[in-house]
Amino acid sequence: MADWTDAQLDDVIARVRAAVPVLADAPVVALWAGVRPRAQSRTPMLGVHPFRAGEYVANGGFKVGPTWSRWQAR
């Protein structure tokens, strides 16, 4: 996943440099993709953790995850 995201960011940087030539030699100070977890079905994944007894997983909420967190915790 990291290589895929890095390639996309490299493409964005190249397009910006082409559109704004004065930025051609500007250094890239930091990269951030803002990737959010999302299940293929776009529904949250809730259930028992497969490797940790007594622990649960609440993941894949994508953009609604923060608003559903209280409901998921119940």
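Reader: In what order do the elements of the chain run from the N terminus on?
Author: In this predicted model, the order of elements from the N terminus is α-β-β-α. The chain therefore holds two helices and two strands.

Reader: Where is confidence lowest, and where is it highest?
Author: Helix 2, residues 65-73, has the lowest confidence, with a mean of 74. Strand 1 has the highest, at 84. The average pLDDT over the chain is 80, and 84% of the residues score at least 70.

Reader: How many of the residues count as buried, as a percentage?
Author: The chain has 74 residues, and 9% of them count as buried.

Reader: Which residues form the nonpolar patch on the surface?
Author: The patch is formed by Val12, Val16, Val20, Val22 and Leu23. Together these residues have about 400 Å² of accessible area.

Reader: Take Val22. Where is it found?
Author: Val22 lies in the loop that runs between helix 1 (2-19) and strand 1 (45-48).

Reader: Is Val22 buried or exposed?
Author: Val22 is exposed, because its relative accessible area is 71% and the cut-off for that class is over 50%.

Reader: Moving to electrostatics, how many salt bridges does the structure hold?
Author: There are two salt bridges in the structure. Side chains of opposite charge can pair when their charged atoms come close. One of the bridges links Arg15 with Asp11, and their closest N and O atoms are 3.0 Å apart.

Reader: How are Arg15 and Asp11 placed in helix 1?
Author: Arg15 and Asp11 are four residues apart in helix 1, so about one helical turn separates them.

Reader: And which of the classes, exposed or partly exposed, applies to Arg15, and which to Asp11?
Author: Arg15 is exposed, with 59% relative accessible area. Asp11 is partly exposed, at 37%.

Reader: Which side chains meet in a salt bridge at 3.5 Å, N to O?
Author: Those are the side chains of Arg52 and Glu55. Arg52 is partly exposed, with a relative accessible area of 47%. Glu55 also counts as partly exposed, at 37%.

Reader: Back to helix 1 for a moment. What is the C-alpha separation of Ala14 and Ala24?
Author: The C-alpha atoms of Ala14 and Ala24 are 8.5 Å apart, and the two residues are ten positions apart along the chain. Ala14 belongs to helix 1. Its relative accessibility is 43%, so Ala14 counts as partly exposed.

Reader: Now the strands. Where is the place of Ala58?
Author: Ala58 sits in strand 2, which covers residues 56-59. Ala58 is partly exposed, at 48% relative accessibility.

Reader: Which residues does Ala58 touch, not counting those up to four places away in sequence?
Author: With those neighbours left out, Ala58 touches Met45, Leu46 and Gln72. The C-alpha atoms of Ala58 and Leu46 are 4.7 Å apart, although twelve residues separate the two along the chain.

Reader: Of contacts between residues at least 6 apart in sequence, what share joins residues at least 24 apart?
Author: In the chain, 28% of those contacts join residues at least 24 apart.

Technical notes: Residues are numbered from 1 along each chain as its sequence is written. Side-chain values use heavy atoms; hydrogens and water are left out. Patches are made of residues with over 30% relative accessible area and no salt bridge: like charges are joined within 9 Å, nonpolar side chains (Val, Leu, Ile, Met, Phe, Trp, Tyr) within 5 Å. Accessible areas come from the Shrake-Rupley method with a 1.4 Å probe; for residues, only the protein chains shown count as cover. A salt bridge is a side-chain nitrogen of Lys or Arg within 4 Å of a carboxyl oxygen of Asp or Glu. Buried means under 20% relative accessible area, exposed over 50%, partly exposed in between (1.4 Å probe, protein chains only). pLDDT is the predictor's confidence in each residue, from 0 to 100. Contact means heavy atoms within 4.5 Å.
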